[in-house]
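The following account considers the overall form of one chain and then its contact with a partner chain. Please keep the model in view while reading.

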Amino acid sequence: MTAAAPASRNGSTPTTAKRDPRKRALMKGNEAIAEAAIQAGCDAYFGYPITPQAELLEWMARRMPELGRVFVQAESELGAINMALGAAATGARVLVSSSSPGISLMAEAMSYMAGSETPVVLVNVMRGGPGLGSIGPSQSDYFQAVKGHGHGDYKVPVLAPASISEAVELVATSFELAERYRTPVFILADGTMGQAMEPVDLSFRTPERNVFDWALTGADGRPPRVVRSLHLQPEALEEHNRALQAKFAEIARREVRWDGEQLDDAEIVVVAYGTAARVARTVVSRAREEGLKVGLFRPISLWPFPEDALRELSARVHGILVVELSAGQMVEDVRLAVEGRCPVGFHGRTGGMIPTPDEVLAALRTLAANGGHE
Amino acid sequence: MTVIEAPRPPERVIFQRPELLTDVSSHYCPGCGHGIIHRLIAELLEELDLGARTIAVAPVGCSVFAYEYLAIDWVEAPHGRAPAVATGIRRVRPDAFVLTYQGDGDLAAIGTAEIVHAAARGEPISGIFVNNGIYGMTGGQMAPTTLLGQRTTSSPTGRESGLAGFPIQITEMLALLPGVAYAARGSVADPSHIGKTKAMIKRAFGAQLNGEGFALVEVLSNCPVGWNMTAPESMAHLATVSETYPLGVLVDRARGVVPSVTPAGEHRGKEA
């Protein structure tokens with residue numbers, strides 16, 4: 001999909017590479033994401049070990065030096081994200097990855113990068129929280145990713161893959177978005193996406209190289225450049241914020257991504273992303289066998305949230321069930337989009353637990369029996 | 001009558017503003033040492049013809065606006081993170097000349113992890129560390145470098161070791177790391193010290209150019225407003241400051257100068 005395309009039902013980008021069944025490999029999510037970044041032309045990776053994303057760092061530790069590219073294991077997530085800031089300020093294509101507690105440490109630099117418009121792709125392989133939590137899969141960093149990590153008025157694109165193949169494609173998309181809009185971009189995966197193995201098409205995509213008129217290369221024959229977020233005069237900062245907000249509005253208009261399954265005749269819709277969407281897909285198929293008209297709505301871009309599509313859908317269904325690996329975070333955005341047009345129920349598990357198809361199906365049956373109410 | 005004019009000697013420039021130093025009024029308080037240190041950097045970048053390939057990292061603190069005064073490429077780092085930001089630049093731009101400029105709150109408090117590990121990795125970066133023993137920009141609070149007994153807005157009765165610990169001699173600590181090619185401490189107290197400091201910074205730049213490793217020059221500077229002194233008093237006070245922070249080259253591995261002692265304790269200053 002190109003940036004000019006309207007809100008897309010399918011976020012996958014057509015690739016020129018032909019599918020060759022022999023060019024498929026069984027890959028772990030963390031490793032596939034790492035290799036996708038390498039194939040996308042990632043110049044530098046900075047990281048710090050944390051479960052459940054450590055294989056991503058290890059893959060980069062092996063592959064980047066053999067390609068003559070940059071790999072640094074930093075002293076902390078603070079170190080890693082600030083190395084990324086420095087490298088990206090020179091126009092390099094940079095990847096950083098971590099898991100929830102590490103992402104919290106990176107929040108400071110996320111704010112600086114949003115303010116100074118520095119393009120970096122950041123992968124969060126979410127684990128259970130709060131605090132040190134657990135190392136099991138979770139989606140409890142939705143608020144953090146979507147509503148803001150550091151301080152200040154800003155948004156960053158957040159993309160959530162529901163399969164390892166999709167994660168591979170979204171890595172390339174993330175670099176494109178980061179460079180097109182001069183912004184950090186989040187890939188919000190979870191422990192399952194990071195640890196599971198799936199067949200992956202080895203048709204990786206390499207976004208075109210850009211020349212940046214802001215990148216720091218040394219003021220050789222041109223005026224000096226400064227990459228900064230400081231605008232001490234209130235008038236200047238407000239002007240900067242207006243420009244940022246205009247950019248966010250453009251992203252919100254052009255970069256909405258979602259996918260739907262069996263929505264045409266659906267009376268009840270399950271809304272889920274990432275690993276929860278994989279459970280939901282099973283549930284939809286089993287519900288259909290029972291004669292329940294259930295469909296799946298799967299946001300791929302969590303910001304910008306596919307609110308228009310969801311609003312449209314909510315006007316013609318009896319009810320919505322949101323399923324998350326959290327105590328209920330995305331459900332708030334669903335309710336904002338639906339604006340009371342239909343009942344919105346929620347089913348979630350936390351702490352590294354994954355909702356079972358049985359329990360989601362039970363919630364669906366109740367919803368169907370009560371005309372959409374829980 | 002014929003008037004014969006004596007031939008005029010050719011004009012010779014004996015003093016001028018370095019081109020890399022922008023022609024603007026600075027925001028620094030009257031008498032502040034930052035201006036002197038900015039000038040030294042500008043002079044050296046010109047002398048070594050480095051301006052066109054320098055990428056510098058600005059800190060948070062009084063010198064946050066360094067990018068207004070030195071006409072080179074700059075990126076602004078979050079508070080304390082300049083050495084990590086510089087690492088990222090250095091790794092992807094091996095041909096660049098990478099410079100960090102940090103104050104003592106930035107480098108010796110909030111940024112201790114970043115400075116220690118950039119030094120331990122031996123990143124070929126030249127760090128300028130301006131130590132004025134105080135948080136100037138936020139209004140003169142105690143820093144880890146504040147002298148014992150020194151009154152600040154957050155140590156109103158004077159820094160007391162039982163409550164606030166001891167001044168941190170971080171350059172001595174860093175000098176022990178094998179990745180540190182060069183570490184020295186100078187001062188802006190008077191023209192003689194300024195000249196020596198310039199030579200130290202030149203050597204630190206050379207360490208990067210030669211790929212020797214990490215280099216740091218700590219520069220003892222003044223803060224007349226934060227110290228509640230006149231500018232001349234604050235310059236004279238630097239002699240007292242250098243009792244806690246002795247001046248000189250701490251390590252210069254290429255020239256065989258290596259630290260012979262463990263990190264400076266509270267007696268280091270008295271013995272020196």
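**Chain A and its interface with chain B**

The radius of gyration of chain A is 21 Å, which agrees with the value near 21 Å that a compact globule of 374 residues would have; it is taken over C-alpha atoms, and the globule rule is 2.2 Å times the number of residues to the power 0.38. This is a predicted model: local features need pLDDT of at least 70 and side-chain atom pairs count only at pLDDT 80 or more, while totals for chains, interfaces and linings use all residues. Residues are numbered from 1 along each chain as its sequence is written, and chains are lettered from A and ligands numbered from 1 in the order in which they are written.

Along its principal axes, the C-alpha trace of chain A extends about 70 × 55 × 45 Å. Chain A contains twelve helices and 15 strands (DSSP runs numbered from the N terminus: helices are H or I, at least four residues; strands are E, at least two).

Turning to the interface, 34 residues of chain A are in contact with 30 residues of chain B (C-beta atoms, placed from the backbone, within 7 Å). Helix 3 of chain A provides the largest share of the side that touches chain B, nine residues. Other elements of chain A that each supply at least two residues include helix 4 (100–116) and strand 9 (226–227).

Strand 9 of chain A also pairs in the parallel sense with strand 2 (residues 73–76) of chain B, over two bridges; pairing requires at least two bridges found by DSSP. Within this strand of chain B, Val75(B) is the bridge partner of Val227(A).

Key. Contact = placed C-beta atoms within 7 Å.
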